[in-house]
Amino acid sequence: MRSTKRRTAIVLVIVVAALALSGYWLNSSGRLDIPRVFAVPGITSGSGEGAFAGENRQHSQGTSTTSQAAPSGRGRHEGGREGAGLNGTAALDVLSNLWFLAVTITVVVYGGRGLSFVMVQMRRLLRAGHAPSVLGKKQP
Amino acid sequence: MLKTIHFNKTKTKLCLDIALTAAYVIAMEPRFTGETWHEWLGLALGGAAIIHVLLNWKWVLNVTRRFFHKLQQQVRIDYLLDLALFASFTVVILSGIMISENLRTAETLGISFEAQRTWRSIHAWAPQVALVIVGIHLGLHWKWIADTTRRYLPRIRIRRPVGQLPSSELHAQD
């Protein structure tokens with residue numbers, strides 16, 4: 001039991017350290033694009049930042065003409081047409097996605113374990129509170 | 001002479017899940033794959049996701065039947081999350097099909113420029129939402145993934161010096 005706890009703690013430390021180091025490295029390379037998840041552009045307004053730069057550019061150019069061919073502003077999709085292939089920056093983007101996935105999994109796994117631990121402790125405390133106290137008993 | 005093919009469902013599920021996750025993370029970056037591969041990979045992902053659901057169909061049916069009856073809270077959360085994942089995947093693939101340049105859906109269906117822009121916008125944020133749900137889904141099933149991977153990975157045997165017992169046996173002696 002004790003060794004299992006120690007093992008879990010060691011694994012957690014290794015995982016957090018690996019994620020922190022890789023996150024620092026990806027961030028310094030400028031490819032860790034976490035805010036994109038939260039910077040959701042308005043569906044009709046097309047507002048957004050970073051990943052959706054292409055869309056913004058298209059917006060500023062004016063979109064009133066319907067004779068335009070396929071819309072060009074696609075942000076992350078834009079590069080697909082221009083520079084497809086296994087380039088380093090795109091590989092870092094994939095790693096950034098993988099990093100984000102790893103962080104989510106870690107939070108869920110260890111968050112869940114922590115939550116169940118807290119629940120067990122709470123239940124134990126509650127049970128102890130309901131149990132008849134030996135100290136509170138009147139001595140005959 | 002027909003050779004019997006043994007179908008290991010658990011192993012198939014594990015391999016499919018790993019492939020699905022890897023393909024999804026890669027498909028999220030069209031600059032990495034190129035537009036054509038991105039589109040075909042996306043369609044293949046849709047097919048693989050359906051196979052994933054079919055492989056777990058028994059569980060889906062059981063939980064659907066008992067959802068409003070006596071059921072563990074964890075299973076209920078799993079089910080709702082899986083529904084959200086299915087919905088987000090559907091949105092991702094549908095919006096992808098709508099703006100596909102290889103399939104030329106917009107031209108075929110006569111989708112207006114404004115509508116196309118809306119589909120593009122949806123296709124930009126839906127995969128990000130799906131990635132978060134995929135992460136939670138994998139996290140909730142992590143025990144199964146870790147245990148199954150451990151079961152099928154070739155075991156690495158650590159050579160011990162002659163006469164030294166493994167730690168489990170040392171504990172057993174206590």
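This is a predicted model: local features need pLDDT of at least 70, side-chain atom pairs count only at pLDDT 80 or more; totals for chains, interfaces and linings use all residues.
**Entry 1. Layout of chain B.** I looked up the secondary structure and recorded nine helices and zero strands for chain B. Read from the N terminus, the elements run α-α-α-α-α-α-α-α-α. I then turned to contacts in chain B with a separation of 6 or more, and noted that residues 24 or more positions apart account for 65% of them.

**Entry 2. The largest nonpolar core.** I listed the largest nonpolar core, which has 23 residues. The residues with the most contacts inside this core are A:Leu101, B:Tyr24, B:Val25, B:Ala130 and B:Leu131. I asked which helices supply at least two residues each. They are α5 (88–130) of chain A and, from chain B, α1 (9–27), α5 (73–98) and α7 (113–140). The largest share, seven residues, comes from α5(A). For background, I note that nonpolar side chains tend to be buried together in soluble globular proteins.

I followed B:Ala130 further. Leaving out residues up to four places away in sequence, B:Ala130 touches B:Leu85, B:Ser88, B:Phe89 and B:Val92.

**Entry 3. Helix α3 of chain B.** I checked the length of α3 (residues 35–55) of chain B. At 1.5 Å a residue, its 21 residues should span 30 Å, and the end C-alpha atoms are 30 Å apart, so the two agree. I recorded B:Glu35, B:His38, B:Glu39, B:Gly42 and B:Leu45 as buried in α3(B). Seen down the helix axis, the buried residues of α3(B) fall within an arc of 110°, and they therefore line one face of the helix. On the other side of α3(B), I found B:Gly47 and B:Leu54 exposed.

I also looked up B:Gly46, which has its place in helix α3 of chain B. Is B:Gly46 buried, exposed or partly exposed? With 16 other C-beta atoms within 10 Å, B:Gly46 is partly exposed. The C-alpha atoms of B:Gly46 and B:Thr90 are separated by 8.0 Å, although these residues are 44 residues apart along the chain.

**Entry 4. Confidence in chain A.** I noted a mean pLDDT of 67 for chain A, with 51% of its residues at 70 or more. Within chain A, confidence is highest in α5(A), at 88, and lowest in helix α3 (residues 53–61), at a mean of 39. Over residues 40–83 of chain A, pLDDT stays under 50. For that stretch I recorded that the model has 66 contacts beyond four places in sequence.

Methods: Residues are numbered from 1 along each chain as its sequence is written. Chains are lettered from A and ligands numbered from 1 in the order in which they are written. Helices (H or I, at least four residues) and strands (E, at least two) are DSSP runs, numbered from the N terminus. Two residues are in contact if their C-beta atoms, placed from the backbone, lie within 7 Å. A nonpolar core is a set of buried Ala, Val, Leu, Ile, Met, Phe, Trp, Tyr and Cys residues joined through C-beta atoms within 7 Å. A residue is buried if 20 or more other C-beta atoms lie within 10 Å of its own, exposed if 12 or fewer, and partly exposed in between; C-beta atoms are placed from the backbone. The expected span of a helix is 1.5 Å times one less than its number of residues. The arc is that of the directions from the helix axis to the C-beta atoms. pLDDT is the predictor's confidence in each residue, from 0 to 100.
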